[in-house]
Amino acid sequence: MNNFKYLQPKSLHDAGNLMLQNQNNALLFAGGTDALGLIKNKIVVPDNVVNLKLIKDLEGIKYTQGKEIRIGALEKIVDIADNPVIKEKFSVLAQAAKQIASPQFRNIATIGGNLCQRPRCFYFRGDFHCIRKGGEICYAEAGNNKYHCILGGGPCYIIHPSDLAVALLSLDAKLSVYSGGKSKIIPVRDFFVLPKVDHTVENILKPGEILESVIIPEPETGSRSMYIKFMERETWDFAVVSIAAVIKKSGNSISQGSVAFGGVAPIPWQIDGLNKSLSGLSVDEDKITAFSKQYFSDAAPLEMNGYKIPLIRNLLKRILLDLTV
């Protein structure tokens, strides 16, 4: 690990200025669960580490009944998982938070850091000068690609590792970003960047911009939500594939719904046609089975990850059945 300066601004204005002044060699630091690994493995070699933990504007959970909940970017994942309002009104988010890593990790990691974490691809994290680190090729394309994407890939084939991002996408959340002395609101679906747009970054944040908070509209009365994460191990593991859904039922059919997928693409993934087609779908098991089989026919799996197609279809079937019983 190289020597670096540890800078401790007390305001977003100061933090943003420090990042602008040192944009080529500075790293934001929140919980540090990802940042320290990046530094230790020399994936990033910053001269300056900008600590965000003293900035009070990044803290807090504020619920406005019947309207929305706003979660500061520095809020710990454990506090999101255990918050009674989130568990009741935004349960898909609490479930996703509860399944992240270990209790020790959840006590340190933040929601902002979880959304902004770098890929967990072992080529990116290892001693490979891959395309995401400025090289010329993605080693996963012809290498070990068991855990890589089946949609949206090329020229890099990562998957985005955030559980919370998948839940937030199903909830139609928005993000507040500090930028040049002001705040701008961005739909969470527009925050992440596909490799074909820019294979060197995972999100749209520019130098000096800082994620402030997450804003989630309250789901309609009568809605139910769920997060399912398929892992190879029972604990401390990233999703092989995952699914989040918010469903409202009317009689024997779904009146409206929103589904998002993780582990299948370089960004949290939604299929607009799928979500539109949920309206009016019968909750009959045979109808849901047939519905689930319609999707992911456009997937382009690599040599070792074709198993993700039947897996994600089965998870889609399972979550729709579980939410409509």
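Predicted model: local features only at pLDDT ≥ 70, side-chain atom pairs only at ≥ 80, totals over all residues.
I started with the sheet: three strands sit in the order E9-E10-E11, open and antiparallel (strands are DSSP runs of at least two residues, helices H or I runs of at least four, numbered from the N terminus; two strands pair if DSSP finds at least two bridges between them). E9 (223–230) and E11 are the edges, each pairing on one side only. On average, neighbouring strands are turned by 15° against each other, direction ignored (axes are lines fitted to C-alpha atoms, for helices over the stretch in contact, and angles run from 0 to 180 degrees between N-to-C directions).

Residues are numbered from 1 along each chain as its sequence is written, and side-chain values use heavy atoms, without hydrogens and water.

Next I checked E9 against E10 (residues 241–250): eight bridges, antiparallel. Ile228 stands opposite Ile243 in E10.

What packs on the sheet, touching E9, E10 and E11? I found helix H9 (residues 163–170), its direction making about 155° with that of E11 (contact means heavy atoms within 4.5 Å). H12 also lies across E9, E10 and E11, at about 30° to E10.

Then I looked up Gln270, in the loop between E11 (253–262) and helix H10 (272–278). Is Gln270 buried or exposed? Gln270 is buried, because its relative accessible area is 16% (buried is under 20%, exposed over 50%, partly exposed in between, with a 1.4 Å probe and protein chains only).
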